[in-house]
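Here are some notes to keep beside you as you look through this model for the first time.

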Amino acid sequence: MRTSKYLITTSKETPSDAETASHQLMLRAGLIRKLASGLYTWLPLGHRTLQKLTEIIRQSMNETGALELLMPVVQPSQLWRETDRWTMMGPELLRFKDRNSRDFCLGPTHEEVITDLVRDEINSHRQLPTTLYQIQTKFRDEIRPRFGVMRSREFIMKDAYSFHLDQNCLDQTYDVMKQTYSSILNQLQLDYRIVDADSGNIGGNASHEFHVLADSGEDEIVFSNKSDYAANVELAIGTIPQSPDAESQRPSEIIETPAITTIKDLCSHLSIEPSRCVKTVIVQGCDQEGIRNGSLITLVIRGDQTINEIKAEKLKDVAAPLTRATENEITSVFGCVPGYLGPLGNDIKIYADPTAAELTNFTCGANIADKHIKNANWDVPSINGSEPHYDDVFDIRKVREGDLSPDGEGTLSKQRGIEVGHIFQLGKKYSASMNATALDTTGKGIVLSMGCYGIGVTRLIAACIEQKHDEYGIIWPKSIAPFLLVIIQVDGHKSEQVIEISEKLYNSAKDLGVDVLLDDRDKKTSPGVKFADSELIGIPHRFVVSPKAIADGFLEYKKRSTNEKTLKSITECLQLINEIAEQK
């Protein structure tokens, strides 16, 4: 490809509304252009990278035996009503009516559509297991699109769905998909982690996320420094290395704490550590069906720890999403404002985190305005006759850096990550509600077990840039670089040799199948601009053909990943082109 005939739309200026490195560089390098909030056009340079990544994903999926198809982006409401997700999804699901006033939506995901297809097309164990996938446009009406294609409203995703007669078969495919996703990220030479994750509104059983490590990541992940353990911070489990030593129980006492309603102020007032206190949080409860019923639930955690809302929501009688009780609700039930609450005798169920349950001689609220209890102990009546207690113990705290890994190997570290892939074991969540069954070997109809496996294709490109860039621009891995080699002509209008040699290199690269860009822009484009563009775009290899270099018998070669410049003879340049062709 010749630059003179290609759409190169680079910019020196950083767009004012671009916050992340990937958003800035994708705009400056001319990969994308904004159409409207969360909507982007992919320009030729960006589209080349998009095509290359798509092909890597397609080949990787095909190697597993998965079959590619393409489902409509527009979906009828009746399918979503079968799974109760028509209302559950909320405003991110863009709903509309056709000319006949029938309800439709733009698909943010395709569980309902694929299940509808399979229940009509698959009816026998002989057709199973099967994995079907597509690479297609999705739409989620994000309340606040940001970070360019990292969190846009319209995006491209690879979503796959597997169907099985039993859990063992699902487990095998799930493991294959986990390995396949790792292979894709390895081909991109990315530093990533596979983490235990929450299934969210997709639902199901087992769930893992694939996170590309980057400071700009929206998610916080936790991983061991000595093992493979990793989890989203919302689900991570850890052990506190040094819990307070157990002490002999001391008599409790009521202490005056006027206008002291925070752990920080309480500890300052009493000259104690937060680890010697417990925090009491009151949240909304629910019935066995998960419907809020006006009840309240008490959660108790050590004073230096933080409630993990995702973990707390998994308690069977805690409403999701986790919602704290209002001050009026608390006052009407407990007779005091929240700052003086304690895990004391009442009819409300109390869950204690293990870090709180192991404490002795702790300080807590007295359920009396302006008063706390010092030297409180579980199941021991306090001075006012109330007995601190809990009904059950559950891990409801957010892990901290330095906690011991749950597998007993190493300590936990935290780092930010960009979620680029998510795999789920859906079980029978969708197949049961939509009656997707098949006959087993005995002729019995079995509800199918399902797996779901997604990769955000456009997001993965942005994540790659977040991890691979420098002050000059993008540093693409060779597998998805829009061009592998750029040949820059300097003063070609003054030297026929510059034209002749650059054309020789260019044709050699083309003949070997190397994606090559010949920067043959005329004298109006300075060499400095050509150099800056090649670095901004992130082309892995660069030759500079100039009259001075030719006179000296060498050409300048630069490798983008190291920014090292070397001089090479024309013969060495041709040999390097051969090596690039072999490695691509």
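1. A word on burial comes first: a residue is buried under 20% relative accessible area, exposed over 50% and partly exposed in between, with a 1.4 Å probe and protein chains only. By that rule, buried residues make up 53% of the 584 residues in the protein.

2. Please keep in mind that this is a predicted model, where local features need pLDDT of at least 70 and side-chain atom pairs count only at pLDDT 80 or more, while totals for chains, interfaces and linings use all residues. Residues are numbered from 1 along each chain as its sequence is written, and side-chain values use heavy atoms, with hydrogens and water left out.

3. Now the overall picture. The protein has 16 helices and 30 strands; these are DSSP runs numbered from the N terminus, helices being H or I with at least four residues and strands E with at least two. The C-alpha trace spans about 100 × 65 × 50 Å along its principal axes. Taking contact to mean heavy atoms within 4.5 Å, residues 24 or more positions apart account for 69% of the contacts with a separation of 6 or more.

4. Next, the rings. There are 8 aromatic pairs in the structure. Rings of Phe, Tyr and Trp (its six-membered ring) pair if their centres lie within 6.5 Å; planes under 30 degrees apart count as stacked, over 60 as edge-to-face and the rest as tilted. Tyr-181 and Phe-210 make a tilted pair, because their ring centres are 5.3 Å apart and their planes stand at 55 degrees. Tyr-181 belongs to helix H6 (residues 167-187) and Phe-210 to strand S10 (residues 207-213), so the pair ties together parts 29 residues apart in sequence. Both Tyr-181 and Phe-210 are buried.

5. Is the next pair stacked or edge-to-face? For Tyr-351 and Phe-394, the planes meet at 70 degrees with the centres 5.6 Å apart, so the pair is edge-to-face. Tyr-351 sits in strand S16 (residues 350-352), and Phe-394 in the loop between strand S19 (392-393) and strand S20 (412-427), so this pair ties together parts 43 residues apart in sequence. Tyr-351 counts as buried because its relative accessibility is 2%, whereas Phe-394, at 38%, counts as partly exposed.

6. Some rings also have a charge over them, meaning that NZ of Lys or CZ of Arg is within 6 Å of the ring centre and within 35 degrees of the ring normal. Arg-95 lies over the face of Trp-86, 5.1 Å from the ring centre. The charged end of Arg-193 is over the ring of Phe-223, 4.5 Å from its centre.

7. A nonpolar core is a set of buried Ala, Val, Leu, Ile, Met, Phe, Trp, Tyr and Cys residues joined through side-chain atoms within 4.5 Å. The largest has 61 residues, and Met-26, Leu-31, Leu-460 and Trp-476 have the most contacts inside it. Helix H12 (residues 457-467) gives the most to this core, with 7 residues. A second, separate core of 23 residues includes Leu-93, Leu-132, Tyr-430 and Leu-448.

8. Finally, see strand S26 (residues 485-489), where 5 of 5 residues are buried. Leu-485, Ile-487 and Gln-489 lie on one side, with Val-486 and Ile-488 on the other. Strands pair if DSSP finds at least two bridges between them; 4 bridges join S26 to strand S27 (residues 516-519), and the two run parallel. Leu-485 has Val-516 as its bridge partner in S27.
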